Amino acid sequence: MAQWIHMSQMIQRLSDDTVNNLYPLTAFPIEVRHFLAEWIESQRWDDFALEKVELESQAQTLLDQTISMLQSISQQNANVVDRMKLMQISKNMTMLNQQPLRFAVMVKEILAKERALLGTLPQTPSSTPQYQQHQNRENSFPSIQNVDHLVLKVLEVQDIRQKMHQLQEELNWERQNFEGLQGPIQQNGMDPKNSEIQKLQNHIQQLEYNVKALATKRFQLLKECVDCLDQCQTRLISKLKAWRWEQHKATIGHPFDENLHPLQTRCEQLLGVNGKLRQELMLIEEPIPELQERLGKLLQVLIQSSLMVEKQPPQVIKTQSKFCTTVRYLLGEKVASGKPVVLKAQIMNEMQARNLGSVPGDNVGELINNTAILEHNAVSKSTCATFRNMSIKKIKRADRRGSESVTEEKFALLFSAEITITGCDTPYRIQMISLPVVVIVHGSQDNNALATIIWDCAFSESDRVPFMVPERVPWRMMYSTLNSKFTSEVQTNHNLDHYNQHFLAQKIFDKPDFADDFSNILVSWGQFNKEVLPGRTFTFWQWFEGVMDLSKKHLKTYWSEGLIFGFIGKQHLHLILKDRPNGTFLLRFSDSEIGGITIAYVSATENGGQKIQNIQPFTKKDLDIRNLGDRIRDINDITYLYPAFPKDEVFKRFYSEPRASPPGGYIPVSLQTRVGTEGREGSSAIPLTPSMTPIAVSPASNIYPVNQFQQPLGQQEQDMEGGPSGEFSGFNDEASANMEIDFESLLENLPE
């Protein structure tokens, strides 16, 4: 049982919970593990708990004996590295004298966990080869799967070299003594098999054997270290690519951790290991070209892969406009002092980006302020070059094919420099390309350029040829992108729901009567932002982006609390409102103009029936003048938010406070919203019928479940193609919202 206790886990937990700088990597010797297991079990280890203070003396005994055993074993250990590690552990563990019970409890918990694991994990082979072929690196080193273990292996190589040096010196001394005895033996006729002489010869042979054995072990360890370094560096470069990929996806709202410090630390560690291994190879009398070549290639790849665009340039750039970007070098502290490193930026087109390693072609654009110096910040420990006032003076575009527009052409910025790393004689050329950008010359092109970027960020592959993207994608991918972009732009956790998704699909595919699942139907780039929607003058993306912008600036709280129904077709709207009493309303985004929100409500007809009115949409300009809450309060014809929430209860906190009377005896003037014939003689709001009692809402939540449908989209919607039945008159788009001053009220209040 005790042999399965990996005390490195315990040391790591101790480091996290109580003590800093404990050695986190070394497993305790087998003798200590046996002792811990037997001692804990003999003391009824299930009784140990932090709250049982009466057991603290027993825990202190366990801690003292463990420290004593570690010190004793470390003094007897011939391996310098192991001796140092054990001494460090025993020294750090003395810091636990103030809380010995925590140590005992931790040992108990680890024993319990490993006992459980023994019943589920297969037994590992008793012996495995220490070295396997280079191409099978991933599974070759189960004990050195990270950089920390690799560092320990390098320390072991250095320890073997020192031992070899000591043995070689002793061997040279003994050989000299033996040669000094050769003359007297021949002159005096001494027996060459004399016991002392024979003993010296045997000792020399043993030393020669030991030196050769250590040389073989050293060579084996060096090969293992290079393979492990290769493996660790491959994983690091994958993480660097993953960071860049997540940065790319952040454009459409995906979560992104921009902290580069952990990756910088790992780059510096691998550079240090590479340098130590190259030194060890230089100290070998017979060179090993294979390992030297591999280390050289690994060094080159690491140096060239450590340049990152930390802050990307805007992905839509207008010519003659200033912008900034930041490039960071993760090995900045290792850059040789002396000559400053100057990074240069240049703009390149898609074809040049695909041939990045070849000779650069013609200059396709002119960048102003396109150089910056790599500067080290001692506080943040980062080395960055910041381009603060860069701008594109002019751009040379490629020949466009067919209907391709200038807002579909992608460029990129290339950052490059020549750099020298401390300890390396050869300077290296480093370069990194930015995310794709679209260059525009007028603000009116911004929306279409952004559509190009959204499509690129959402649907490109991580290892693509720059800047290839598919022409068509399944609707489920498109909807996921729209939802992610909408929630990130509006800064809300309230996602688009299934009904919003279905309406968006009906709109982009122009299938208002389609009730089945759209998930696997392919949507094209043209349907997204090249072809105008039927009966409209704008594309799907232009319309969706307008809604998103309106929501971000004026509707964030309303949307986040579920007060806005959002995207809904008129047929579906009719379906859910047809059984509701007069005055029931909901908020939906306009599908006839860009960036508008409208109020749909049930009203009475002249013959006593019902009809659905759609108020003229409110735009950003309208809501800048008077907010949505006040407009809802103004309209007397709407009384209950669907399904049956009193509007004053739901929207009260959005109402503006009455304005105080201005000084000088003037009468305050206010703007109010009037709809249709509101305010005329004989008009009145229709009260809620007694049978429609409002649903109770918890005051604590302050969230009103607007989107509670009585039935899903289905055949009923398709049957209404010829128009609604009964007394419903269908959709009255002629109702309008007018902004006017209430002069009649003013006249009534004028002094006589």
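With which side chain does the side chain of threonine 605 make a polar contact? In this predicted model, the partner is the side chain of asparagine 607, at 2.4 Å. Threonine 605 is located in the loop that links β15 (597–604) to β16 (610–614). With neighbours within four places in sequence set aside, Gln610 and Lys611 are in contact with threonine 605. The relative accessible area of threonine 605 is 17%; because this value falls under the 20% limit, the residue is classed as buried.

Strand pairing was examined next. Strands of a sheet pair through backbone hydrogen bonds, in either a parallel or an antiparallel manner. Lysine 344 stands opposite threonine 371, a residue of β6.

Most peptide bonds are trans, and most residues other than glycine have a negative phi. A cis peptide bond is found between proline 466 and phenylalanine 467, with omega of about -15°. Phenylalanine 467 belongs to the loop between α11 (446–459) and β12 (472–474). A cis bond also leads from tyrosine 642 to proline 643, where omega is near 5°. Proline 643 lies in the loop between β17 (640–641) and β18 (645–646).

Positive phi values occur at two glutamine residues. Glutamine 320, which is not a glycine, has a phi of about 70° and is placed in the loop between β2 (316–318) and β3 (323–329). With a relative accessible area of 58%, which is over the 50% limit, glutamine 320 is therefore exposed. For glutamine 491, phi is positive and near 60°. This residue is situated in the loop between α12 (475–490) and α13 (498–509). Glutamine 491 likewise counts as exposed, because its relative accessibility is 59%.

How values were computed
Residues numbered from 1 in each chain as written. Predicted model: local features only at pLDDT ≥ 70, side-chain atom pairs only at ≥ 80, totals over all residues. Heavy atoms only, no water. Helix = DSSP H or I, 4+ residues; strand = E, 2+ residues; numbered from the N terminus. Buried < 20%, exposed > 50% of the residue type's maximum accessible area, 1.4 Å probe, protein only. Polar contact = N/O pair within 3.5 Å; in protein donor to acceptor, adjacent residues only side chain to side chain. Contact = heavy atoms within 4.5 Å. Pairing = 2+ DSSP bridges.
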